[in-house]
Every structure is written in C-alpha cells, then in structure tokens.
Amino acid sequence: MEEEKIMEKIRIYHIDQNEDALKLIKQFSQRAPRLHIISSSTSLEEGFEEIQRIFPDIVLIDENVAGGNLAPIIQKIILHSPYLGVIVTCTEYSKGKIRQYMNAGARDCLVKPFTATDLAQSVMKVNKYNQELKNHIVRSTTRILTRAPKMISIFSTKGGVGKSTVSTLLAAGLASLYKEDTAIIDLDLQFGDVSLLLDLKPQKTITNAIESIGQLSSSDLRSIMTRHHIGLHVLPSPLNPEEEDFITEEATLKMFKLAKEEFDYVIIDGPPGFNTQNIIALEQSDLVLLITSPELMALKNTKNGLRTLTELGIDQDQIKVVVNRYSKKSNISISLIEDVLGLEVFATISNDYPSVIKFLNQGEPQLIYDGNGKISKDLRAIIEGLRTYHTVPAQKGKANLFQWLMQKVQK
Ligand SMILES: Nc1ncnc2c1ncn2[C@@H]1O[C@H](COP(=O)(O)OP(=O)(O)O)[C@@H](O)[C@H]1O
Ligand SMILES: [Mg+2]
C-alpha cells in the first residue's frame, strides 16, 4: 500500500466530440487518485497534434470522432508512441467493431454508459500492461530507483562539450512536452549562460537564494526563480562572478534540498570539472549525465572525470554517459567509447548545428522540439529514458567483459 502512494499519476489524453462526455470523464478521474486528465479535445486533428507533443500514458478516444473509421487512427497513434495505451469508448456493443479496434492496437474498449470504477479499472489494467512492455524493452541497468530520478546533474570535465545546451533543452523538454514541474539551476558560477540561452532577463539569481537561505521555504525558492513561458523555472548563476565567494557549502546543500522538495525535476548545469558547489550537487543527484563528445581529448578527460566521480563515492550505476555532437561519420565509434570508459553509452545526441542555432538565435527551446531535426528525437528519447528509468528491472551480473578483464589485469 505504501508503494501505491508514491506511484505516479497516469496521464490521460481524452478525445470526444461531445463536450459533456469530456466533462463527465474529468469528473470520473477526480474520484480516482491516480487518474489525471492532462488535456482533452473535441477535435481529432487537434488531439493528434497534442498527443505528439505531450506524450500521455493513455489516450481515451471515442469511436465517433473518426466518422466510423477509427482503426487507422489508432494505428497512427500507436506508431508514434508504442508505449501509449489506447482505450476506445463505444456508443454500443459490437463484437466486430471491438475486434477491429483491438486488432488496430487498442488495449481496451469501454461501452457507454460506463461508471467511474469501470474507467479506473480499464486505465489501471492498460497502464500495467504498458509498464510491463516498457520493462521488457528498455535496456538493462543494474539499479532500481523507486521513483524517477529527481535531481540530475549534467556534468563534464571539459568545457564546450554542450553541457549548458543539453541541460537547458532537457529541462525545457521536461517542462513543456511532459508538463513536469521542472527547475534548472545554473551552477556555473563564473560563466553561467542558461538565462542567456533562454533569452531571460532575470531579476534574481543564486546569490539571492543563498543570502536568505536560512529563512527560505521551498516555495520561496520557487518564487526567486525566473519563469520561462514554457513553464520552466530557472535559477541563474550570479550576475557578478565574485559573488561565488558567498556561496557556502551549507547554503548550497540547503538550496538543493529545498529544490528537491519543491519540484518534480531539478536539472543542474555545472561548471566544467569539480568545485565545492558542484561536488555537493553531484552527491545530491540521483543521476549524473556525463557528457562527452566523440573526440580523443574529450574522451581522455571524461575517463579522468569518471575516476574522480568514483572516488567521490558516486555509484557507477548513477552515471549515464551521453555522447553529444555525435555523427555516424565520426571516426570514434560508440563501442570504442564504451570500451575506453568501461560504461555503456546511455544515449547519443546528434551534431545538429542548424537546429541548435535556431534555438540560440531566439532563446526558444520549443523551436527544437517543434522542428524535426535529429536532435529533437535524441533529446525526446533521453527524456523518455529518464522518466521511465525507475521502472527498469534489475539485471544483476550483466557481463561487461571489458570491465571484468580490466579488473583482472589490474590485480
Ligand atoms: N548537439 C549539438 N549540435 C550542434 N552544436 C552543439 C550541440 N551541442 C552543443 N553545441 C554547441 O557547442 C557549443 C558549446 O556548447 P555549450 O552548451 O556552451 O557547452 P558547455 O556548457 O559544455 O561549455 C555551443 O556553441 C553550442 O551551440
Ligand atoms: Mg556551459
């Protein structure tokens, strides 16, 4: 039962031509603690477009929205996101039609009129099936978190590998695509550029949070942050680099604790390498995305960084290698990177200058996600990976032959 309490909400998108039906389902969902209607529409076109943007867990769709030809629509929705569960609401019971919908990929059909309990049972069943499917497909890892990682540090030992770009875009994606309550903290106290990347003119910075940290509640911390219009909360680095001297260890730790209390996700963009504040951030993080690029020097630095992270007591399972600016033409392959680092590559992000420059020129992360540049798909995949990370089953003892050999050789 304890576990039920911390289970996440199941995000449902509802499409029905009938406004009253939308209202009724909304009321039904309010009676079931895990059901959450994130949005709805009376129009199939609008709904389809929105589904692609916000990735619900469940799409509840009425058979009448497609003028009697729902099967191809279901197929189209599933094609876009295989983990999404489609539930069809039908006006009357017809075995033939239900079979047609199920064959197209629907996971359940509810015949009207149905009760709030019927809806909740159907949603729970479909969601359970989807979770199992995901567990099956997502690549193995040895760690199980009981919940999605909350605080994520984006880290690299070397500057210029794309830490700020990646952290800003990931945070923006979590906030805008998934409507997650997300904050980004710019911990690059000397050369922070997150607010610049997002074209924000912040009134307050980390310095303001730190100087009053003793009296702050977690919601006070939220109100110090600058809100980007997509819904992302930004705590920028100090305007004046000398302010770094006032940012004590104790205050930094308290700031992270408040942020974790207040937000669903806290993304940390740090300086290259290690400093006091950054080490505290790394220790407080559930996951560290170790950013590298497919170049020899970057790789050498990353290898050193990895050693230091281990010395700091960061668990190897908490470190996820992300290769940024990756291109298939690059002469350093993923398997070589994995061999050198002794860790599996978690994800790659394409070298996609045209998309990045569009984003930079306008400070608008939505341009990346609305566009169809390669980088958009890569970032979405990472976000999906982060959000579903806690559901990944443990596969202890997955042999990493190279690591094993290295240990033997070094003995
Ligand atoms: N995937 C990418 N494709 C193309 N350019 C990128 C990509 N990631 C980062 N860049 C560019 O690389 C440069 C360094 O990125 P930045 O995020 O400032 O790195 P860091 O924060 O690690 O110093 C910037 O000019 C940025 O626009
Ligand atoms: Mg940076």
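**View 1. The residue that follows helix α14 in this predicted model is G342**.

**View 2. Helix α14 has a buried face.** The helix covers residues 334-341, and I337, E338 and L341 are buried in it. Looking down the axis of α14, you will find these buried residues within an arc of 100 degrees, so they line one face of the helix. An α-helix has 3.6 residues a turn, so residues three or four places apart point the same way.

**View 3. Helices α7 and α17 cross.** Helix α7 spans residues 163-176 and helix α17 spans residues 374-387; they pack at an angle of about 65 degrees, and their axes lie 10 Å apart. Angles of 65 to 115 degrees count as roughly perpendicular, so α7 is roughly perpendicular to α17. The crossing is right-handed.

**View 4. Here are the residues where α7 meets α17.** From α7 come L169, L170, G173 and L174, and they meet L379, I382, I383 and R387 of α17. By class, this contact has 6 nonpolar, 1 polar and 1 charged residues.

**View 5. Stepping back to the whole protein.** The protein has 18 helices and 13 strands. Of its 411 residues, 54% count as buried. Among contacts with a separation of 6 or more, 77% come from residues 24 or more positions apart.

Conventions: Residues numbered from 1 in each chain as written. Chains lettered and ligands numbered in written order. Predicted model: local features only at pLDDT ≥ 70, side-chain atom pairs only at ≥ 80, totals over all residues. Heavy atoms only, no water. Buried < 20%, exposed > 50% of the residue type's maximum accessible area, 1.4 Å probe, protein only. Helix = DSSP H or I, 4+ residues; strand = E, 2+ residues; numbered from the N terminus. Arc of directions from axis to C-beta. Axes fitted to C-alpha atoms, helices over the stretch in contact; angles between N-to-C directions. Parallel < 35°, antiparallel > 145°, perpendicular 65-115°, else oblique. Left-handed = near helix turned anticlockwise from the far one by under 90°. Contact = heavy atoms within 4.5 Å. Nonpolar A, V, L, I, M, F, W, Y, C, P; charged D, E, K, R; others polar.
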